[in-house]
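I opened my notebook for this one and jotted things down as I looked them up. Please have the model open next to these entries.

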Amino acid sequence: MDADLQRVSRVDELDEGVPFGVELKNGEQICLVKVDREIFAISNICSHAEFPLSDGEMVDDYVIECGLHGAQFDIRDGGVIELPATEPLCCYEVRVEDGEVWVRSNTV
Ligand code: FES
């Protein structure tokens, strides 16, 4: 496993379709979502007013809704689906190995 990747969770800690917030060593806030046994990682900071997306919910297979004002994002690419957010979210590379979830920081 290369040095830029950080272990953030075990696969079995993630429930299907339930957002799960984790933090990288450098303070980056990440929201993990497992969908159909694939794991996606996006910024956990809503681009509208910085509410944690892990406190929101999945409203479609790949669509997360912010719990504060209802913006929606595609967890596959961070794209905005629904206002009031207008800026996409950062996405993070995810690796799974031996039941562990690893995420690559975007700022290393
Ligand atoms: S903080 Fe997420 S929609 Fe406003």
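**Ground rules**

I am working with a predicted model, where local features need pLDDT of at least 70, side-chain atom pairs count only at pLDDT 80 or more, and totals for chains, interfaces and linings use all residues. I number residues from 1 along each chain as its sequence is written, and side-chain values use heavy atoms, with hydrogens and water left out.

I began with β3, residues 29-35. Strands here are DSSP E runs of at least two residues, numbered from the N terminus. I found 6 of the 7 residues of β3 buried, so the strand is largely enclosed by the rest of the structure. Buried means under 20% relative accessible area, exposed means over 50%, and partly exposed lies in between (1.4 Å probe, protein chains only).

Next I looked up the pairing, which requires at least two DSSP bridges between two strands. Strand β2 (residues 20-23) runs antiparallel to β3, with 4 bridges, and F20 has L32 as its bridge partner. These two strands make a hairpin with 5 residues between them, and G27 in the turn shows a positive phi of about 95°.

On to β4: it is antiparallel to β3 and joined to it by 6 bridges. L32 turns up again here, standing opposite A41. This hairpin has 2 residues between its strands, and D36 in the turn has a positive phi of about 55°.

**Entry: the open sheet**

I then traced an open sheet of 4 strands in the order β5-β6-β7-β8, with antiparallel pairing. Its edge strands, β5 (57-60) and β8 (80-82), each pair on one side only. From one strand to the next, the twist averages 35°; axes are lines fitted to C-alpha atoms, and angles run from 0 to 180 degrees between N-to-C directions. Inside the sheet, β6 (residues 63-65) and β7 (residues 72-74) share 3 bridges in the antiparallel sense, and V63 is bridged to D74.

**Entry: the cores**

Which residues have the most contacts inside the largest nonpolar core? They are I42, L53, I64, F73 and I75, in a core of 15 residues. Such a core is a set of buried Ala, Val, Leu, Ile, Met, Phe, Trp, Tyr and Cys residues joined through side-chain atoms within 4.5 Å. β3 and β4 (38-43) are the elements that give two or more residues to this core, and β3 gives the most, with 3 residues. I also noted a second, separate core of 11 residues, including L14, L24, L32 and V103.

Looking around I64, I listed contacts (heavy atoms within 4.5 Å). Beyond four places in sequence, I64 touches P19, C31, I42, L53, E57, M58, A71, Q72, F73 and I75.

**Entry: S43**

S43 sits in strand β4 and counts as buried because its relative accessibility is 11%. A polar atom of its side chain lies 3.1 Å from the backbone nitrogen of I45. Setting aside neighbours within four places, S43 contacts Q29, C31, L53, L89, C90 and Y92.

**Entry: R104**

Is R104 buried or exposed? R104, in strand β11 (residues 100-104), is buried, at 19% relative accessibility. Its side chain makes a polar contact with the side chain of E93 at 2.8 Å. A polar contact is a pair of N or O atoms within 3.5 Å; within protein, one must be able to donate a hydrogen and the other to accept it, and residues adjacent in sequence count only if both atoms are side-chain atoms. Not counting residues up to four places away, R104 touches D2, D4, L5, Y92, E93 and R95.
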